[in-house]
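I opened my notebook to look up a few strands and helices in this structure. Here is what I jotted down.

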Amino acid sequence: MHDLETDGHRARKRFGQNFLSDPNIIRKIIDGIRPQPGELMVEIGPGLGAMTAPLIERLGHLHVVEIDRDLIARLHERYSAAQLTVHEGDALKFDFGSLCAGADSAPTLRIVGNLPYNISTPILFHLAGFADKVKDMTFMLQKEVVMRMVAEPGTEEYGRLSVMLQYRFRMGRLFDVPPGAFRPAPKVMSSIVRLAPLPADQLAAKDEALLGRIVAAAFGQRRKTLRNTLREFIDEAGLAALGIDAGLRGERLAVDQFVAIANRCSGA
Ligand code: SAM
């Protein structure tokens with residue numbers, strides 16, 4: 001199905017191209033984003049412009065980041081520079097902070113996109129690095145990924161993605177989108193998720209890189225207990241001092257418990 005043509009464009013599987021084609025779903029997503037005239041917004045992967053057109057209509061001007069040269073050429077043909085700024089290239093390497101004015105300005109950037117599913121996890125981690133510049137983000141992703149993002153401790157879906165994103169963002173799943181809303185249709189169900197950065201003073205980790213390494217270690221071997229997975233960071237007595245049982249698996253720990261472990265290690 002992936003070579004099906006949409007609007008004269010052959011969808012490229014390597015770029016995760018599934019184009020939204022259901023006008024009701026498009027309207028529902030745009031209504032959920034609630035774009036206001038003059039807001040600073042960037043769309044990742046505009047593709048054939050299903051969301052781009054209504055976004056420009058409401059905002060006046062939009063930034064987009066797109067990797068596919070054929071689609072970039074179409075965007076340049078269709079929109080003026082006053083309406084659209086096209087950033088050509090890989091969103092995984094794009095400096096989203098460069099769109100914001102002063103370094104100390106209030107976080108005003110809004111990021112949206114029907115994200116290419118083949119790079120969903122790395123793009124979420126990349127975007128987390130710009131949280132201090134961002135007002136909010138609204139994305140379409142595989143439902144399975146969204147369920148992992150918002151998962152609670154103790155559930156099967158809870159893992160590194162849940163902890164690292166919940167540390168930084170308040171998140172909510174808005175609604176699901178069936179495969180039939182796209183051309184070509186993907187094999188999986190999709191969901192819309194909204195992320196809003198938590199205030200900087202609520203981010204309690206003294207060393208975020210260390211937090212990242214500890215969380216990665218705790219979930220690297222899911223079946224193993226903290227006693228084993230965190231051995232290089234903290235011993236049983238250290239865990240006990242934090243009220244954490246070394247015989248638990250990482251999936252049982254809440255985000256603030258991971259933060260407590262990281263802070264004890266960085267203080268050590
Ligand atoms: N927004 C359009 C829609 O809803 O119909 C297209 C969505 S399609 C799922 C993903 C889009 O992201 C495609 O336009 C694809 O070319 C683009 N894309 C894929 N990988 C990308 C990357 N690494 N950086 C920027 N854009 C990328």
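This is a predicted model: local features need pLDDT of at least 70, side-chain atom pairs count only at pLDDT 80 or more; totals for chains, interfaces and linings use all residues.

**Entry 1: who pairs with S7?**
I looked at strand S7 and strand S8 (residues 134-142) and found 6 bridges joining them, with the two strands running parallel. Then I followed the chain from S7 to S8, and it goes through helix H4 (residues 120-128) in a right-handed β-α-β crossover.

**Entry 2: another partner.**
I also checked strand S4 (residues 41-44), which is joined to S7 by 3 bridges and runs parallel with it. Val-42 stands opposite Ile-111 in S7.

**Entry 3: is S7 covered or open?**
My next question was how many residues of S7 (residues 109-114) are buried. I got 6 of 6, so I wrote "mostly covered", counting a residue as buried when its relative accessible area is under 20%. I then sorted the side chains by direction: Leu-109, Ile-111 and Gly-113 point one way, while Arg-110, Val-112 and Asn-114 point the other way. Both sets are buried.

**Entry 4: over to H6.**
I moved on to helix H6 (residues 160-168), which is mostly covered, with 7 of its 9 residues buried. Which ones are they? I listed Leu-161, Ser-162, Val-163, Met-164, Leu-165, Tyr-167 and Arg-168 as buried in H6. What covers them? I found that the cover includes the helices H4, H5 (143-149), H7 (208-220) and H10 (255-267). The strands S9 (169-177) and S11 (190-197) are also part of that cover.

Methods. Residues are numbered from 1 along each chain as its sequence is written. Side-chain values use heavy atoms; hydrogens and water are left out. Buried means under 20% relative accessible area, exposed over 50%, partly exposed in between (1.4 Å probe, protein chains only). Helices (H or I, at least four residues) and strands (E, at least two) are DSSP runs, numbered from the N terminus. Two strands pair if DSSP finds at least two bridges between them. A crossover is right-handed if, with the strands pointing away from the viewer, the path from the first strand over the helix to the second runs clockwise. Contact means heavy atoms within 4.5 Å.
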